[in-house]
Amino acid sequence: MKFKKTLLLALLICLFSTAFALIATACSNNDDKAKHTHTYTDTVTPATCTEQGYTTHTCVDCNDSYVDTYVDALGHKYREIVIPATCTEQGYTVHKCSRCNDSYADTYVDALGHDYEDSVVEATCTDQGYTTHQCTRCDDSYVDAYVDALDHDYEDSVTDATCTKKGYTTHQCTRCDDSYVDTYVDAKGHDYEDSVVDATCTERGYTLHQCKNCNNSYKDNYTDALGHDFVEGVCTKCNKQELSEGIEYVLSSDETYYIVKSMGTCEDTTVVLKGEIDEIPVKEIATRAFASKTTLTSVVIPEGITQIGSSAFESCTKLVSVTIPASITSIGNNAFKSCSALNGVYITDIVKWCQITFGNADASPISNAKGLYLKGELITELQINDNSLISISNYAFYCAKFTSVTIISSSFTTISSKAFSTCSSLQSAVFSCPKLNYIGDSAFNACTKLKSVTIPSTATTNWTCSATGQVIQLTQTQMKTPTTLATLLTGQYVGFIWTRK
C-alpha cells in the first residue's frame, strides 16, 4: 500500500514538471514573436463578372497573412449575336459575355416557313412531266403534279431506192430525235443508155454508157484520135489553125512567162502564136516583133497574151486580118500603123475591148481596118448592154465604121478622149447611162455624119466643158436636145473636156 502511494506521488511530480517546462517554452516563443518583423508578398486576385477582386498579403517567414484592397465585381459585358430565323428554325438573339462564358438568349422570332417557287418540267416522249417546288431560301424541295409521258409521234418519209442503194421508210418523231427505219426496198440497179462519141482530131472516140436514173457512166470501145489534116494552115476536119513553127520566143527576166520576140525562121503567111510553151504562159508580143513583115497576111493571137508592144505590126502592108483575145489589156504606140490592107479585126468580148489601153490612134487595129467582128459577126451598129461596162478607153473605136452606137449600163461613167473620133459613118449615139459624168476631148471629132447624141434626162444637169482656160456652163436644154448635143460635141466644143458634177 505504502509502495503504491509512493509511485503515484512520483508520477504526479513528473507530470507537473513536464507541464511547467511546456509553459516556460511557450512563454519564451511568445516573447520571440513579439520581437519578429513580417515580410509580406502581395497576391492580387482580379475581380470577375460575379466575384470581388482583392489583394492577399502573406509573410514569407511565418505565413502570416491578411486581405485588403477589395474591388467590386465587374458585372457581365454582353455582346449581342443575332441568329436569323430559317424556314424551319426560330431566330433569336444571343447575349454572350465577352469576359466569361456566361450567355443567355431572348428576342425570339418565329421560323419563316418555306417560300416555294414552282418550275414545270414538261413531259417528253419517254419521261413523265412534273412540277418541282423549290424553296427560294433553302435547299428544300418536293415534286408533284406528275404528267404521263407523251409517247412518240412519228412522221414518215420515204427514201426511194436508187441504182445502188436500197429504199426505205424513216419514221422520225416530231417531238424528239428518236427515229427508226423499216420497209426496205431493193436497189434498182443501173439502166444504161449507150451513145457513141466520135473520135476527133485530138481526142479518142468511145461509147458512153450513161445510166438513165443517175449520173453513173462508163466508157469503152475506144477508137484512136483522127489526127489533124492541115491544108494551108487549117485542119480540113476541125478547122483548127495550125500553130506556127519557127517563131522566136524568149523568157521574161523573171522567167515566169514567154515573150514573142520576132518572126524568127517562120515563113508562114498566116501566123498562129502559141499560148504556152512547156506549161509556161506566153504573155507579151515585143516591140517591133513583126514590123515590116510584108508577107504576113493573118495573125491569130491566143488567149492569155496581155500586151502588144509598140510598132509590133507596123508596116505589115499585106496584113488582112488580126484576132485579138479578151486577155489583151494594152497595145503600144503605132502597133498597127500603116497596116493598110487590114480588112477585119476579130474579137470575142466587146466590154474587154473597151477597157484596152491604146497608146495612140495607130495602136488600134480598127484605125486601118474595114470592119470589127464580134464572135465572127461584122458590127455595123454597136450595141452594148452590160452593167459591168464603166468606161470606153481612148481610141477604142477610132475610125470605126459603125452607123450607130447604143450603150446601156447603170455603171457607165466615162467616154474617154477620141473614143469615137473619125467615125465617119456614125449618125447617132445613145447612152442610156444615168451615171455618165465625163466626155473626153475630141471624143466625137470628125464624126461628120453624127446628127444625134442622146443621154438620160437625169444626166443632163450641171455640165461644164473646158479647154485652154475656158470654162463653159452648159444648159440643161442643150444637154437634153440630141441634135444640139451632137452639134456641140462635133463642132463648137469638140476639143473641150466635158464634166458633170
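1. Let us start with a term: two residues are in contact when heavy atoms of theirs lie within 4.5 Å. With that in hand, look at the contacts in the chain with a separation of 6 or more: 44% of them come from residues 24 or more positions apart. Please keep in mind as you read on that this is a predicted model.

2. Now for the overall form. A compact globule of 501 residues would have a radius of gyration near 23 Å, whereas this chain has 61 Å. Along the principal axes, the C-alpha atoms fill a box of roughly 200 × 85 × 60 Å. As for secondary structure, you will find four helices and 40 strands in the chain.

3. Of the 501 residues, 33% count as buried. The accessible surface of the chain is about 29,500 Å², and carbon and sulfur atoms account for 50% of that area. How many positive and negative side chains does the chain have? There are 37 positive and 59 negative ones, and the centres of the two sets are 11 Å apart.

4. Aromatic rings deserve a look. A pair of aromatic rings is described by the distance of the centres and the angle of the planes. The count here comes to 23 aromatic pairs. One of the pairs joins Tyr40 and Tyr66: their ring centres are 5.3 Å apart and their planes meet at 85 degrees, and because an angle over 60 degrees counts as edge-to-face, that is the label this pair gets. Tyr40 belongs to strand 1 (residues 40-45) and Tyr66 to strand 3 (residues 65-71), so the pair ties together parts that are 26 residues apart in sequence. Tyr40 is partly exposed at 30% relative accessibility, and Tyr66 is partly exposed too, with a relative accessible area of 40%.

5. Thr69 is found in strand 3, and its phi is near 50 degrees, a positive value in a residue other than glycine. For background, most residues other than glycine have a negative phi. Asp72 sits in the loop between strand 3 and strand 4 (78-83). Is Asp72 buried or exposed? With a relative accessible area of 61%, Asp72 is exposed, because the cut-off for that class is over 50%. The C-alpha atoms of Asp72 and Gln52 are separated by 4.8 Å, although the two residues are 20 apart along the chain.

6. The last stop is the loop between strand 34 (414-415) and strand 35 (428-432), where Ser416 has its place. At 13% relative accessibility Ser416 counts as buried, because that value is under 20%. Which residues is Ser416 in contact with, once neighbours within four places in sequence are set aside? They are Ile392, Ser393, Asn394, Gly440 and Ala443. Thr422 lies in the loop between strand 34 and strand 35 as well. Thr422 counts as partly exposed, at 24% relative accessibility. Its phi is positive, about 65 degrees, although Thr422 is not a glycine.

Definitions and conventions:
Residues are numbered from 1 along each chain as its sequence is written. This is a predicted model: local features need pLDDT of at least 70, side-chain atom pairs count only at pLDDT 80 or more; totals for chains, interfaces and linings use all residues. Side-chain values use heavy atoms; hydrogens and water are left out. Helices (H or I, at least four residues) and strands (E, at least two) are DSSP runs, numbered from the N terminus. The radius of gyration is taken over C-alpha atoms; the globule rule is 2.2 Å times the number of residues to the power 0.38. Buried means under 20% relative accessible area, exposed over 50%, partly exposed in between (1.4 Å probe, protein chains only). Accessible areas come from the Shrake-Rupley method with a 1.4 Å probe; for residues, only the protein chains shown count as cover. Lys and Arg count as positive and Asp and Glu as negative; His and the chain ends are not counted. The place of a charge is taken as NZ of Lys, CZ of Arg, CG of Asp or CD of Glu. Rings of Phe, Tyr and Trp (its six-membered ring) pair if their centres lie within 6.5 Å; planes under 30 degrees apart count as stacked, over 60 as edge-to-face and the rest as tilted.
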